[in-house]
Amino acid sequence: LCGAAGLAGAGLAATAMAGALAAPAAAASAPRARPGQAARGPDPAEPVIVHIRDLRSGEMDVFAGETTARLRDPGLAARLAHAVR
Amino acid sequence: MSSHREAPEISMDPVADSTDLYAFVSPDRPDTVTLIANYIPLQAPAGGPNFYQFGDDVRYAIHIDNDGDGKADITYRFTFQTRLRNPETFLYNTGPITALNSPNWNTRQFYSVDRFPGGGSAGAELGKNLACPPCNIGPLSTPDYGKLAAAAVHDLGRGVRVFAGQRAEGFYVDLGAIFDLGDLRPFENLHNQYGMNVFSGPAPGVNATNQLNVHSIAIQVPIRELVRNGASGEADPKSVIGVWTTASRQAASVFDTETGKTVSSGPFRQVSRLGNPLINEVIIALGDKDRWNALPPVDDKQFAHYYAHPGLAAALPSLYPGVFPHLAALVKSGKARADLEAILLTGIPSGIIPGFQNSTGPVLSDMLRLNTAIPPSGNPNILGLLGGDLAGFPNGRRVFDDIVTVELRAVAGVTFALVDPSFTPDSAASAVTDGLTNASVKAPYLTTFPYLGVPYSGFDNPS
């Protein structure tokens, strides 16, 4: 379980509803909808798993369905970390 | 074992742990090839009430490279789904299971088979809602197991057959001795014994997999569906295919305490791989085993030094002092084991063994290579090519082949003379064995698909 292996390490994992991620995600590498194309969010019935790889830089992997995206958002990372403390 | 519990990560994940891979021209349908990938090692037959089953969350695959680039040109993917009839009982079955649709069978498993061409193209569904047989429980629960298992052989049309379910372990090996510091019981009196003098004479091998089961994914496919167009004859490189199996899991998982189940998400990532037998088991070093399992064969060049200078070859002369002097000199010379590289990473080119080749070209990739134009042997030798039988390992692998002895002898130097005629193998190299043969397997192999024997029942085993 490549992704899971890091969960107990330096990173932090959280399951989150899709909406919790949508608003603040100012991510350099986040997938974006093309112009004229409706943004396709995760299936609400499926989990979204976030693995924060480095809290200081805000680097995190987001897993949904059979896809993943690497984000860098220190603010969001800090808020997620704060939520579980 | 061949690949049972062979790496630290996968040893923690049995349902995704590939144990053995077989590829051979079907003896009873020689216009087809049979591919079998085994998973879930060392099953004690009485392992109820939750008897063994494939992972619904694991993506199992058998890959075929037919152009020698170490990449899959054809992938057969198997996806499983467990259906529970009655969650209110603790029982796997509530009465005798006499048919695959028996209402008494509570925990059933079904699967789909998809065929993907190379290059990431879309797959084609070959079959869905295909029933697995139950595990072999005993005379009350599975009174006619052979009939149940036979009903789970599915004909998908176009000459393709599949089976997925429990089978008797067909691989035989003296694990208990081999992993006790390289003891080979028939020669253990010659072992250095670390000065303890435990063994005074030779002893017969002990089959560590005796009366254990595995779960097999078997598919029989017309040869024409696997090779490149125009393949013609034994000397034609297009007749050779490379085969490997993988298991993949979604990249992220968390345990949901509200449901008591694991939740997974993200892309599927490879966690298990198997081509040639025993490679990740005894050739690849501990520090690289997990990474080897996660990579495709096309990336195997980085592991070539393990094949060229296997640790087992260096260990044998010190474990058995004076028994392998020529091997010791070969190891000391630092010469690369071009024989092992050819057998395991490129295939054997024409001109080495009369009338034989299974080369896929220069790309170093660990695949089980099968020359599909070589017909099944009417008189098989379990030592395969070493026994003069061109239809056996390392030309593919049949269910009864003695791959432990073949690889022991190859590593001990028997095959080095093929690439360096000046080398004379030690006399012990052609005699070394763990002392087992296919007769060490209690459940008879089948003469028809899926070839591995009827699984041992929990009622009768251990006995």
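Between the two chains, 14 residues of chain A touch 16 residues of chain B. Keep in mind that this is a predicted model. Together the chains bury about 1200 Å², and a single salt bridge is counted between them.

**The A–B interface**
- Of the roughly 1200 Å² buried between chain A and chain B, 68% sits on carbon and sulfur atoms.
- The count of salt bridges across this interface is 1, with the side chains of Arg59(B) and Glu66(A) as partners, 3.1 Å from N to O.

**Salt bridges overall**
- Over all chains, the structure has 17 salt bridges.
- One of them pairs Arg70(A) with Glu59(A), whose closest N and O atoms lie 4.0 Å apart.
- That pair ties together distant parts of the chain: Arg70(A) belongs to strand β4 (residues 67-72) of chain A and Glu59(A) to strand β3 (residues 59-64) of chain A, 11 residues apart.

**Helices α6 and α7 of chain B**
- The axes of α6 (residues 311-319) and α7 (residues 325-333), both in chain B, come within 9 Å and cross at roughly 135°, so α6(B) is oblique to α7(B).
- The handedness of the α6(B)–α7(B) crossing is left-handed.
- On the α6(B) side, Ala313(B), Ala314(B), Leu316(B) and Pro317(B) do the touching, and they meet Leu327(B), Ala328(B) and Val331(B) of α7(B).
- By residue type, the α6(B)–α7(B) contact comes out as 7 nonpolar, no polar and no charged.

Key. Residues numbered from 1 in each chain as written. Chains lettered and ligands numbered in written order. Predicted model: local features only at pLDDT ≥ 70, side-chain atom pairs only at ≥ 80, totals over all residues. Heavy atoms only, no water. Axes fitted to C-alpha atoms, helices over the stretch in contact; angles between N-to-C directions. Helix = DSSP H or I, 4+ residues; strand = E, 2+ residues; numbered from the N terminus. Parallel < 35°, antiparallel > 145°, perpendicular 65-115°, else oblique. Left-handed = near helix turned anticlockwise from the far one by under 90°. Contact = heavy atoms within 4.5 Å. Nonpolar A, V, L, I, M, F, W, Y, C, P; charged D, E, K, R; others polar. Buried area = accessible area lost by both parts, 1.4 Å probe.
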